[in-house]
Every structure is written in C-alpha cells, then in structure tokens.
Amino acid sequence: MSDRMSTAADPLSAGSAASTASNTPTHVDAGDAGYRKDLKSRHINMIAIGGAIGTGLFLGAGGRMANAGPSLFIAYAICGVFAFFVVRALGELVLYRPSSGAFVSYAREFMGEKGAYTAGWLYFLNWSTTAVADITAAATYAHFWSMFSDVPQWILALIALAIVLAANLISVKYFGEMEFWFAIIKVAALVIFMVVGIFLVVTSHDVGGHTPGLANISENGGIFPNGVMPMLLLIQGVVFAYASVELCGVAAGETENPEKIMPKAINSIMWRVGLFYVGSVVLLALILPYTAYTGDQSPFVTVFDKLGIPGAAGVMNLVVLTAALSSLNSGLYSTGRILRSMSLAGSAPKFTGVMNKGGVPYGGILLTAGFGVAGVFLNFVMPEDAFELVLNFASIGIIGTWAMIMVCSLLFVRRAKEGKLVRPAYQLPWAPYTQIVTLVFLASVVVLMWMDGGVGRTTVNCLPLIAAALVGGWFLVRGRVRATAGSAQD
C-alpha cells in the first residue's frame, strides 16, 4: 500500500475521517509513514523547554525593555498563559492521535483539506520568516566579538544557515540530541544568570555604576515608565518569544509512548514561563534601569558586560548565539514534517514529500532553507531593520497557527459532545471557553499590531495580500488535492 492510499477516504470534506466513539481514531495521515520513533523522553522534555526559551527572550527582551520598562514582565506573563492554553489544546489532540503532521493533520480531520492547507502554509509563513529572524540574530550576536566585527552581517547569516541546515539533514535522532544539549545550555545560562542576579540584588553589588534594587524601578518611572500602551503594543512581539511551544506536538509523532511523555512535558511549560521569562525580566529591571538596555544587544550580555567580569559577557553571548541556532534548527525540523504531510495530500510541492534513508523529509527542510537564503539577501539590503521586519511577519504566522490549533480543538470538543469520539483523560481545562477567549486574545494582538504603526501596521495591511495568496494557491493545488484523494479511494 502506498502512502497516499493510507489517507482518509474523503479528505476534502471536513470531518470525513472522524473517529467513532472510541479511543482508537480511524483517521490515518499518510504523512506519518516512514518516520523513526527515535526521540526519547529526555528529548521531548528538553524540546519543550527549548521551545519556550528562544531568541524572543535572549535578544528581543533588550529592545522591549527599553520601550516598555519593567512592565514587560506583565506582557510575558499574559502571553505565557495563552501560549500554555494553545500547547495544552495541542497536547490533548496529540494524545487523541499522535501525528508528525500535528495541527495540519488535525485540521485535515476536523476542517477538511482547505483547513489543512491554510494551517500548513500559515505555519510555513511563521517559520520561514522566523528562520530569517534567527540567522539575523545569530549574525548580530557574532558581531559582539571583535574577530567578526568587520565581517558583513549577511555573510555571518549565510554561515549560520549553512551549519544548521547541514546538521538538520542527518537524522531525527541527531536533531533530538542537538536540541537536548541546546536546551540544557539555555537553561543553565538562565539559571546562572538568575543566581547571579539574585546575588546582585540581595548584596546591592554595583553594576556599571548602578545599585541593583527596587530603586532602579521606582526612581525611573515605576513599572510603567512610558504608560500602559507601550506594554500592550509590545505584546505582538512577545507572542513571537513563545513561537516554538507547539514544537513538542510535532515531535510527538517521532517518539514512543507519547501518552506518557507529552502531559509531563506540556504541564511543565507553565512554571518554566513563570520562572525563566517573568523571573528573568523582573531581575533585569532590578539590576539596571530599563534605559540601560538596547535592542542591538542581548540584555543578559548587557548585565555581564557592565559587571566587568572578564569573559563573562562573551560566554553569555555564546549562549544566546546557541539559542538562535537552536530556534533555526527547530524551524527547519518542524516545517519539514508539516510540508511532508501537506505534500502527500497534494497541497504542497511534490518534492517536499520526499525523505532520505535516515527518515528525514529533506525536501521541506530545503524549501524553508531557501527562504533563509532570501533572509541573507535581506540582511545585505537592510541589516539594521531585518530582524524587526521579519519579526512582525513571523508574528502573523504564529497568530494564524495558534488560531488554527484552537479552532481544531473547538471542533474536536464538539465532536466529543456529539458522541463521535472520546476525549483523552488529558484535556484542555474549561473548554470550550478557553478556546474562545484565546481566539479573542489573538484577534486583539492583530489590532495592537495595527495600532503600533510603522512596520506592525504595514504587516497588518498586508493581511489581504496574504489571504489572496492563500486563496490563489488553493486554486492552483485543489486539482492535485482532489486527484490525491481520488487515488486514496481506489
């Protein structure tokens, strides 16, 4: 039997492959065939951690702190709650039916091929632009060292892309090991920073001419030095910081016993958000006035640089460089799996469905890397604004992806109430109200992007163009999708 023949009988109609009222789903995704179950519990746990800690914190927090002041921790806390709702909803779907196609596969089951097509390409928009942000961040970090200061940013971006692409094409086991150690490095760095930060605050140790403590907040305008609106306007950028939390759902399709591994990994995201994001931002605000931070340097590097400890800032910069490469690695991994699921249904280019002997869907990975090359060109043309520009488009992709996950979750709960399937014991609490509130929040983020003006407003104004591209693309692929569905029924 071919991969295509294992798809549902009628993938064009929403819900055609719905489960019967049992714990065994009848829907089978052709895109799940061929993968190796090489990811272990420690991989999934650390992938979940790594997904919640990326360039949005290590690099983006500096500029956001400079704009919104200490109130940034509120934005991180709010977005963290909704990020948890999204990944919890995805976790319930994963335990219902693990799939490397993740939410694209669930959109196919509950919304039909149009839903899967929309979810998949929005996710690709997210990660293709995030890849540009990551290589831009990596190049920015590299400029910290004098040996790279004279190297053009676009060359450093190209080197970063080439290294991560080569590593990602080997095997999923190698990817898991890389992410495991990347996550350990990031967590260790944040733990060290927090220990040092607490020590600095408790001892009132001088940091670059400033005394850590509440005075750095109270004497510099308080929690909202520039008012509440700057904090609200930054929420769309903070959403980007949580862009990888759904990665553990994609990885679940390549692990044994996801029903045992996933709940623990997902539940731990909440306290990690509180500890690492909110805790780190609060410490940053206590250690230095918010005006000491800038958008072109990691705030953690700023602190260690002002401490004057020989080599400390360089080590921390190496850590944040690792975070950028980790995020890029994750993006190539996840889009490769999503595009393969779409390709075997006919809604993505045929070459994105091919796999190598190591079980790696290299076609989709190379497509995402191709957009990374476009990002190299962007770094050549506008090195100063490349990160901010792609950040906004990535945020649109993230918002769209999260919205699709919550819509799938809503439809899933509805099917369960109709008795057509059984929800697993691990459930999204307060459904369906949680999904509705999250969708309202995501819509409000788009409104805030428009209110922010500048690049954010330009990005929102591009939404009709993105919608037109999706509609036009569907008309181009719908014939192939129908042909694929027809061959599956033969």
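**Close-up 1. Ser204 in the loop between α8 and α9.** Ser204 lies in the loop that runs between α8 (172-203) and α9 (215-218); helices here are DSSP runs (H or I, at least four residues), numbered from the N terminus. Ser204 is not a glycine, yet has a positive phi of about 55°. The model is predicted, with local features needing pLDDT of at least 70 and side-chain atom pairs counting only at pLDDT 80 or more, while totals for chains, interfaces and linings use all residues. Residues are numbered from 1 along each chain as its sequence is written, and side-chain values use heavy atoms, leaving out hydrogens and water.

Close-up 2. The bond from Ala431 to Pro432 is cis, with omega near 5°. Pro432 is found in the loop between α17 and α18.

**Close-up 3. The salt bridge of Arg423 with Glu92.** The closest N and O atoms of Arg423 and Glu92 are 2.5 Å apart; a salt bridge is a side-chain nitrogen of Lys or Arg within 4 Å of a carboxyl oxygen of Asp or Glu. Because Arg423 lies in the loop between α17 (386-417) and α18 (433-451) and Glu92 in helix α4 (residues 72-96), the pair ties together parts 331 residues apart in sequence. The structure holds four salt bridges.

**Close-up 4. Helix α6 packed with helix α15.** Helix α6 (residues 113-142) and helix α15 (residues 312-343) pack at an angle of about 160°, and their axes are 9 Å apart. This angle makes α6 roughly antiparallel to α15 (over 145 degrees; angles run from 0 to 180 degrees between N-to-C directions). The contact of α6 with α15 includes 18 nonpolar residues, eight polar and one charged.

**Close-up 5. A nonpolar surface patch.** Trp154, Leu158, Phe377, Phe380 and Val381 make a nonpolar surface patch of about 510 Å². Patches are made of residues with over 30% relative accessible area and no salt bridge, nonpolar side chains being joined within 5 Å; accessible areas come from the Shrake-Rupley method with a 1.4 Å probe. Elements giving two or more residues to the patch are α7 (153-168) and α16 (362-381). The largest share, three residues, comes from α16, and Val381 has its place in this helix.

Definitions and conventions
Parallel < 35°, antiparallel > 145°, perpendicular 65-115°, else oblique. Nonpolar A, V, L, I, M, F, W, Y, C, P; charged D, E, K, R; others polar. Patch = residues over 30% accessible without salt bridge, like charges linked within 9 Å, V, L, I, M, F, W, Y side chains within 5 Å.
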